[in-house]
Amino acid sequence: MTLVGLLGEGIAESLTPPMHRREAEQLGLDYEYRVIDIAETGETLDELPRIMRRIREEGYDAINVTHPFKQLIIEHLGGLSPSAERLGAVNLVVFDGDDSIGHNTDWSGFRTAVDHGIGGLQRRSLVQVGAGGAGAATAYALLTLGVEQLCIADIQESRARALVERFRTAFPDSRLETAAMGGLDAVLAATDGVVHATPTGMELSPGLPFDLTALAPSAWVAEVVYLPLETELLREARRRGHRALDGGMMAVGQAADSLHVITGLEPDRDRMRRHFLEL
Ligand code: NAD
(Lines give C-alpha, C1' and ligand atoms only; values in the text may rest on other atoms or scores of the structure.)
Protein backbone atom coordinates (compact mmCIF):
# COMPACT_ATOMS: atom_id res chain seq x y z
CA MET A 1 0.00 0.00 0.00
CA THR A 2 1.17 3.53 -0.76
CA LEU A 3 0.34 5.96 2.03
CA VAL A 4 0.22 9.64 1.06
CA GLY A 5 -1.10 12.72 2.87
CA LEU A 6 -1.73 16.43 2.43
CA LEU A 7 -0.23 18.57 5.20
CA GLY A 8 -1.64 22.07 5.65
CA GLU A 9 -3.98 24.31 7.60
CA GLY A 10 -7.69 24.71 6.78
CA ILE A 11 -7.54 22.20 3.92
CA ALA A 12 -10.81 20.35 4.48
CA GLU A 13 -12.11 21.61 1.11
CA SER A 14 -8.92 20.91 -0.87
CA LEU A 15 -9.52 19.10 -4.15
CA THR A 16 -6.06 17.50 -4.17
CA PRO A 17 -7.05 14.45 -2.03
CA PRO A 18 -10.05 13.42 -4.21
CA MET A 19 -7.97 13.96 -7.37
CA HIS A 20 -5.26 11.58 -6.09
CA ARG A 21 -7.72 9.01 -4.77
CA ARG A 22 -9.73 8.74 -7.98
CA GLU A 23 -6.76 8.63 -10.35
CA ALA A 24 -4.90 6.09 -8.17
CA GLU A 25 -8.01 3.91 -8.22
CA GLN A 26 -8.21 4.21 -12.01
CA LEU A 27 -4.56 3.17 -12.20
CA GLY A 28 -5.36 0.11 -10.08
CA LEU A 29 -3.14 1.21 -7.18
CA ASP A 30 -3.49 0.34 -3.51
CA TYR A 31 -3.18 4.00 -2.50
CA GLU A 32 -4.43 5.77 0.60
CA TYR A 33 -4.50 9.58 0.66
CA ARG A 34 -5.12 11.20 4.06
CA VAL A 35 -5.57 14.80 5.17
CA ILE A 36 -3.30 16.18 7.92
CA ASP A 37 -4.97 19.48 8.77
CA ILE A 38 -3.57 21.41 11.75
CA ALA A 39 -6.83 23.37 11.88
CA GLU A 40 -8.40 20.03 12.87
CA THR A 41 -5.62 18.61 15.05
CA GLY A 42 -5.15 21.91 16.92
CA GLU A 43 -1.38 21.80 16.35
CA THR A 44 0.65 24.96 15.76
CA LEU A 45 3.38 25.82 13.26
CA ASP A 46 6.01 25.44 16.02
CA GLU A 47 5.04 21.82 16.34
CA LEU A 48 6.19 20.95 12.82
CA PRO A 49 9.14 18.81 14.08
CA ARG A 50 6.69 16.70 16.09
CA ILE A 51 4.26 16.51 13.16
CA MET A 52 7.09 15.32 10.90
CA ARG A 53 8.12 12.66 13.44
CA ARG A 54 4.54 11.40 13.57
CA ILE A 55 4.33 11.31 9.77
CA ARG A 56 7.52 9.20 9.67
CA GLU A 57 6.27 6.86 12.44
CA GLU A 58 2.97 6.32 10.66
CA GLY A 59 4.87 5.14 7.59
CA TYR A 60 3.88 7.71 4.96
CA ASP A 61 5.55 7.22 1.58
CA ALA A 62 4.99 10.86 0.62
CA ILE A 63 3.11 13.99 1.62
CA ASN A 64 1.89 16.93 -0.37
CA VAL A 65 2.49 20.17 1.48
CA THR A 66 0.44 23.32 1.28
CA HIS A 67 -0.06 26.63 3.06
CA PRO A 68 1.50 27.50 5.54
CA PHE A 69 4.22 24.83 5.33
CA LYS A 70 5.68 25.14 1.83
CA GLN A 71 8.76 27.01 3.04
CA LEU A 72 8.78 26.06 6.73
CA ILE A 73 9.17 22.38 5.93
CA ILE A 74 12.45 22.79 4.07
CA GLU A 75 14.67 22.76 7.16
CA HIS A 76 13.13 19.42 8.19
CA LEU A 77 14.08 17.64 4.97
CA GLY A 78 17.16 15.66 3.98
CA GLY A 79 17.40 17.33 0.56
CA LEU A 80 15.65 19.17 -2.23
CA SER A 81 15.16 18.56 -5.94
CA PRO A 82 17.02 21.18 -8.02
CA SER A 83 13.80 23.04 -8.88
CA ALA A 84 12.52 23.05 -5.27
CA GLU A 85 15.92 24.41 -4.27
CA ARG A 86 15.81 27.22 -6.85
CA LEU A 87 12.20 28.05 -6.04
CA GLY A 88 12.66 27.89 -2.27
CA ALA A 89 9.33 26.09 -1.82
CA VAL A 90 8.18 22.50 -1.53
CA ASN A 91 4.73 21.05 -2.22
CA LEU A 92 5.73 17.37 -2.17
CA VAL A 93 7.97 15.36 0.13
CA VAL A 94 8.97 11.81 -0.77
CA PHE A 95 10.27 9.59 2.02
CA ASP A 96 12.79 6.88 1.28
CA GLY A 97 13.96 5.05 4.38
CA ASP A 98 15.46 7.72 6.62
CA ASP A 99 15.76 10.15 3.75
CA SER A 100 13.25 12.81 2.74
CA ILE A 101 13.42 14.82 -0.47
CA GLY A 102 11.36 17.95 -1.15
CA HIS A 103 9.98 18.52 -4.64
CA ASN A 104 7.91 21.22 -6.26
CA THR A 105 5.22 20.28 -8.77
CA ASP A 106 3.31 23.59 -8.61
CA TRP A 107 5.66 25.05 -11.22
CA SER A 108 5.67 22.00 -13.49
CA GLY A 109 1.88 21.79 -13.21
CA PHE A 110 1.58 25.41 -14.29
CA ARG A 111 4.09 24.96 -17.11
CA THR A 112 2.10 22.06 -18.53
CA ALA A 113 -1.06 24.13 -18.17
CA VAL A 114 0.47 27.01 -20.14
CA ASP A 115 1.87 24.66 -22.77
CA HIS A 116 -1.50 22.98 -23.33
CA GLY A 117 -3.82 25.91 -22.71
CA ILE A 118 -1.92 28.76 -24.35
CA GLY A 119 -0.27 26.64 -27.01
CA GLY A 120 1.14 28.59 -29.90
CA LEU A 121 0.17 32.04 -28.65
CA GLN A 122 2.91 34.62 -28.25
CA ARG A 123 4.72 34.51 -24.91
CA ARG A 124 7.88 36.53 -25.33
CA SER A 125 7.00 39.35 -22.98
CA LEU A 126 4.75 38.64 -20.01
CA VAL A 127 3.37 40.29 -16.90
CA GLN A 128 2.64 38.55 -13.62
CA VAL A 129 0.56 40.03 -10.82
CA GLY A 130 1.29 38.40 -7.45
CA ALA A 131 4.64 37.37 -6.02
CA GLY A 132 3.71 35.01 -3.17
CA GLY A 133 3.96 31.22 -3.06
CA ALA A 134 1.94 30.55 -6.21
CA GLY A 135 3.64 33.47 -7.96
CA ALA A 136 7.10 32.00 -7.30
CA ALA A 137 6.00 28.76 -8.99
CA THR A 138 4.34 30.44 -11.99
CA ALA A 139 7.27 32.82 -12.55
CA TYR A 140 9.71 29.91 -12.40
CA ALA A 141 7.57 27.99 -14.90
CA LEU A 142 7.45 30.95 -17.30
CA LEU A 143 11.22 31.39 -17.07
CA THR A 144 11.85 27.70 -17.79
CA LEU A 145 9.65 28.17 -20.87
CA GLY A 146 12.18 30.75 -22.03
CA VAL A 147 10.13 33.93 -21.70
CA GLU A 148 12.32 36.84 -22.81
CA GLN A 149 10.87 39.47 -20.52
CA LEU A 150 8.89 39.02 -17.31
CA CYS A 151 7.53 41.94 -15.35
CA ILE A 152 6.25 41.18 -11.83
CA ALA A 153 3.93 43.36 -9.74
CA ASP A 154 2.57 42.89 -6.22
CA ILE A 155 0.85 45.22 -3.75
CA GLN A 156 3.80 44.38 -1.52
CA GLU A 157 6.50 45.67 -3.86
CA SER A 158 9.25 44.10 -1.74
CA ARG A 159 7.82 40.67 -2.60
CA ALA A 160 7.99 41.39 -6.33
CA ARG A 161 11.59 42.62 -5.93
CA ALA A 162 12.57 39.55 -3.90
CA LEU A 163 11.19 37.23 -6.59
CA VAL A 164 13.04 39.06 -9.33
CA GLU A 165 16.28 38.86 -7.32
CA ARG A 166 15.75 35.16 -6.62
CA PHE A 167 15.50 34.24 -10.30
CA ARG A 168 17.76 36.81 -11.95
CA THR A 169 20.95 34.76 -11.56
CA ALA A 170 19.33 31.44 -12.47
CA PHE A 171 17.83 32.85 -15.70
CA PRO A 172 20.41 35.31 -17.06
CA ASP A 173 18.90 35.23 -20.57
CA SER A 174 15.53 36.57 -19.42
CA ARG A 175 14.90 40.20 -18.56
CA LEU A 176 13.25 40.36 -15.14
CA GLU A 177 11.67 43.56 -13.90
CA THR A 178 9.19 44.77 -11.32
CA ALA A 179 6.29 47.14 -11.95
CA ALA A 180 4.36 49.24 -9.45
CA MET A 181 0.67 48.35 -9.25
CA GLY A 182 -0.05 52.03 -9.98
CA GLY A 183 1.78 51.80 -13.31
CA LEU A 184 0.34 48.49 -14.39
CA ASP A 185 -1.79 49.80 -17.27
CA ALA A 186 1.28 50.80 -19.27
CA VAL A 187 2.94 47.38 -18.91
CA LEU A 188 -0.30 45.53 -19.57
CA ALA A 189 -0.75 47.45 -22.82
CA ALA A 190 2.52 46.02 -24.15
CA THR A 191 2.32 42.43 -22.90
CA ASP A 192 1.70 39.14 -24.77
CA GLY A 193 -0.02 37.68 -21.73
CA VAL A 194 -0.70 38.16 -18.05
CA VAL A 195 -0.58 35.66 -15.19
CA HIS A 196 -2.71 36.36 -12.15
CA ALA A 197 -1.23 34.90 -8.93
CA THR A 198 -2.98 36.68 -6.04
CA PRO A 199 -5.98 35.39 -4.04
CA THR A 200 -8.26 38.05 -5.58
CA GLY A 201 -11.38 36.39 -6.95
CA MET A 202 -11.69 33.88 -4.13
CA GLU A 203 -14.84 34.03 -2.00
CA LEU A 204 -13.10 36.02 0.73
CA SER A 205 -11.48 38.51 -1.67
CA PRO A 206 -13.90 38.96 -4.57
CA GLY A 207 -13.37 41.33 -7.45
CA LEU A 208 -10.92 41.98 -10.24
CA PRO A 209 -7.18 42.11 -9.44
CA PHE A 210 -6.47 44.61 -12.25
CA ASP A 211 -8.13 46.46 -15.07
CA LEU A 212 -8.15 44.52 -18.33
CA THR A 213 -9.02 47.42 -20.61
CA ALA A 214 -5.36 48.15 -21.37
CA LEU A 215 -4.67 44.63 -22.71
CA ALA A 216 -4.23 44.10 -26.46
CA PRO A 217 -6.96 41.84 -27.93
CA SER A 218 -4.36 39.13 -28.67
CA ALA A 219 -3.08 39.02 -25.06
CA TRP A 220 -3.93 35.91 -23.04
CA VAL A 221 -4.80 35.66 -19.36
CA ALA A 222 -3.84 32.83 -16.99
CA GLU A 223 -5.46 32.45 -13.58
CA VAL A 224 -4.15 30.53 -10.54
CA VAL A 225 -7.27 30.85 -8.38
CA TYR A 226 -9.38 27.71 -8.77
CA LEU A 227 -11.94 28.10 -5.96
CA PRO A 228 -14.13 29.24 -7.63
CA LEU A 229 -13.01 27.94 -11.00
CA GLU A 230 -14.79 30.72 -12.88
CA THR A 231 -13.39 33.91 -11.34
CA GLU A 232 -14.44 37.43 -12.19
CA LEU A 233 -11.10 37.85 -13.96
CA LEU A 234 -11.75 34.86 -16.23
CA ARG A 235 -15.31 35.98 -16.98
CA GLU A 236 -14.16 39.48 -17.84
CA ALA A 237 -11.19 38.23 -19.90
CA ARG A 238 -13.41 35.90 -21.94
CA ARG A 239 -16.06 38.59 -22.34
CA ARG A 240 -13.37 40.79 -23.85
CA GLY A 241 -12.32 38.00 -26.21
CA HIS A 242 -8.98 37.03 -24.59
CA ARG A 243 -7.78 33.44 -24.49
CA ALA A 244 -8.01 32.53 -20.81
CA LEU A 245 -6.63 29.65 -18.75
CA ASP A 246 -8.37 28.68 -15.51
CA GLY A 247 -6.57 27.85 -12.25
CA GLY A 248 -7.83 24.28 -12.38
CA MET A 249 -5.28 23.49 -15.07
CA MET A 250 -2.43 24.19 -12.63
CA ALA A 251 -4.22 22.36 -9.79
CA VAL A 252 -4.64 19.24 -11.92
CA GLY A 253 -1.09 19.56 -13.25
CA GLN A 254 0.50 19.66 -9.79
CA ALA A 255 -1.57 16.69 -8.65
CA ALA A 256 -0.71 14.66 -11.76
CA ASP A 257 2.99 15.48 -11.45
CA SER A 258 2.94 14.59 -7.72
CA LEU A 259 1.28 11.27 -8.47
CA HIS A 260 3.93 10.60 -11.09
CA VAL A 261 6.84 11.41 -8.75
CA ILE A 262 5.32 9.27 -5.96
CA THR A 263 4.39 6.19 -8.02
CA GLY A 264 6.57 6.40 -11.15
CA LEU A 265 3.37 5.89 -13.18
CA GLU A 266 1.97 8.26 -15.81
CA PRO A 267 -1.48 9.47 -14.77
CA ASP A 268 -4.13 10.24 -17.40
CA ARG A 269 -4.23 14.04 -17.23
CA ASP A 270 -7.37 14.45 -19.32
CA ARG A 271 -9.19 11.99 -17.07
CA MET A 272 -7.94 13.90 -14.02
CA ARG A 273 -9.17 17.19 -15.50
CA ARG A 274 -12.60 15.68 -16.24
CA HIS A 275 -12.79 14.38 -12.68
CA PHE A 276 -11.66 17.75 -11.29
CA LEU A 277 -14.48 19.48 -13.17
CA GLU A 278 -16.98 17.11 -11.54
CA LEU A 279 -15.78 17.93 -8.00
P1 NAD B 1 0.40 34.23 -0.94
O2 NAD B 1 -0.28 34.85 0.22
O3 NAD B 1 1.66 33.47 -0.74
O4 NAD B 1 0.70 35.36 -2.04
C5 NAD B 1 -0.26 36.23 -2.55
C6 NAD B 1 0.46 37.48 -3.05
O7 NAD B 1 -0.49 38.31 -3.70
C8 NAD B 1 1.07 38.32 -1.93
O9 NAD B 1 2.40 38.62 -2.25
C10 NAD B 1 0.18 39.57 -1.88
O11 NAD B 1 0.89 40.74 -1.51
C12 NAD B 1 -0.29 39.66 -3.30
N13 NAD B 1 -1.56 40.35 -3.49
C14 NAD B 1 -2.73 40.14 -2.81
N15 NAD B 1 -3.70 40.89 -3.34
C16 NAD B 1 -3.15 41.61 -4.36
C17 NAD B 1 -3.66 42.52 -5.30
N18 NAD B 1 -4.95 42.88 -5.30
N19 NAD B 1 -2.82 43.04 -6.21
C20 NAD B 1 -1.52 42.68 -6.24
N21 NAD B 1 -0.97 41.80 -5.39
C22 NAD B 1 -1.78 41.26 -4.46
O23 NAD B 1 -0.72 33.30 -1.61
P24 NAD B 1 -0.43 32.13 -2.64
O25 NAD B 1 -0.12 30.89 -1.90
O26 NAD B 1 0.52 32.64 -3.67
O27 NAD B 1 -1.88 31.90 -3.27
C28 NAD B 1 -2.43 32.82 -4.19
C29 NAD B 1 -3.61 32.15 -4.88
O30 NAD B 1 -3.13 31.06 -5.67
C31 NAD B 1 -4.64 31.55 -3.93
O32 NAD B 1 -5.91 31.81 -4.43
C33 NAD B 1 -4.35 30.07 -3.99
O34 NAD B 1 -5.50 29.28 -3.74
C35 NAD B 1 -3.93 29.91 -5.44
N36 NAD B 1 -3.11 28.73 -5.72
C37 NAD B 1 -3.50 27.97 -6.77
C38 NAD B 1 -2.76 26.86 -7.10
C39 NAD B 1 -3.20 26.00 -8.24
O40 NAD B 1 -2.73 24.86 -8.34
N41 NAD B 1 -4.05 26.50 -9.12
C42 NAD B 1 -1.60 26.53 -6.38
C43 NAD B 1 -1.22 27.36 -5.33
C44 NAD B 1 -1.99 28.46 -5.00
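## Exercises on a ligand site and a helix residue

In this predicted model, a nitrogen atom of the ligand lies 3.0 Å from a polar backbone atom of Gly-247.

**Exercise 1.** Decide which backbone atoms make polar contacts with the ligand, given a cut-off of 3.5 Å between N or O atoms.

*Solution.* Start with Gly-247: its polar backbone atom is 3.0 Å from a ligand nitrogen, and the cut-off is 3.5 Å. Next take Ile-155, where a polar backbone atom is 3.2 Å from a nitrogen atom of the ligand. Then turn to an oxygen atom of the ligand, which has a backbone N or O atom of Gly-133 at 3.0 Å.

**Exercise 2.** Classify Leu-143 as buried or exposed, and list its contacts beyond four places in sequence.

*Solution.* First locate the residue: Leu-143 is in helix H6. Its relative accessible area is 4%. Buried means under 20%, so Leu-143 is buried. Leaving out residues up to four places away in sequence, Leu-143 touches Leu-150, Phe-167, Phe-171, Ser-174 and Leu-176. Finally, take Leu-48: Leu-143 is 95 residues from Leu-48 in sequence, and their C-alpha atoms are 32 Å apart in space.

Technical notes: Residues numbered from 1 in each chain as written. Predicted model: local features only at pLDDT ≥ 70, side-chain atom pairs only at ≥ 80, totals over all residues. Heavy atoms only, no water. Polar contact = N/O pair within 3.5 Å; in protein donor to acceptor, adjacent residues only side chain to side chain. Helix = DSSP H or I, 4+ residues; strand = E, 2+ residues; numbered from the N terminus. Buried < 20%, exposed > 50% of the residue type's maximum accessible area, 1.4 Å probe, protein only. Contact = heavy atoms within 4.5 Å.
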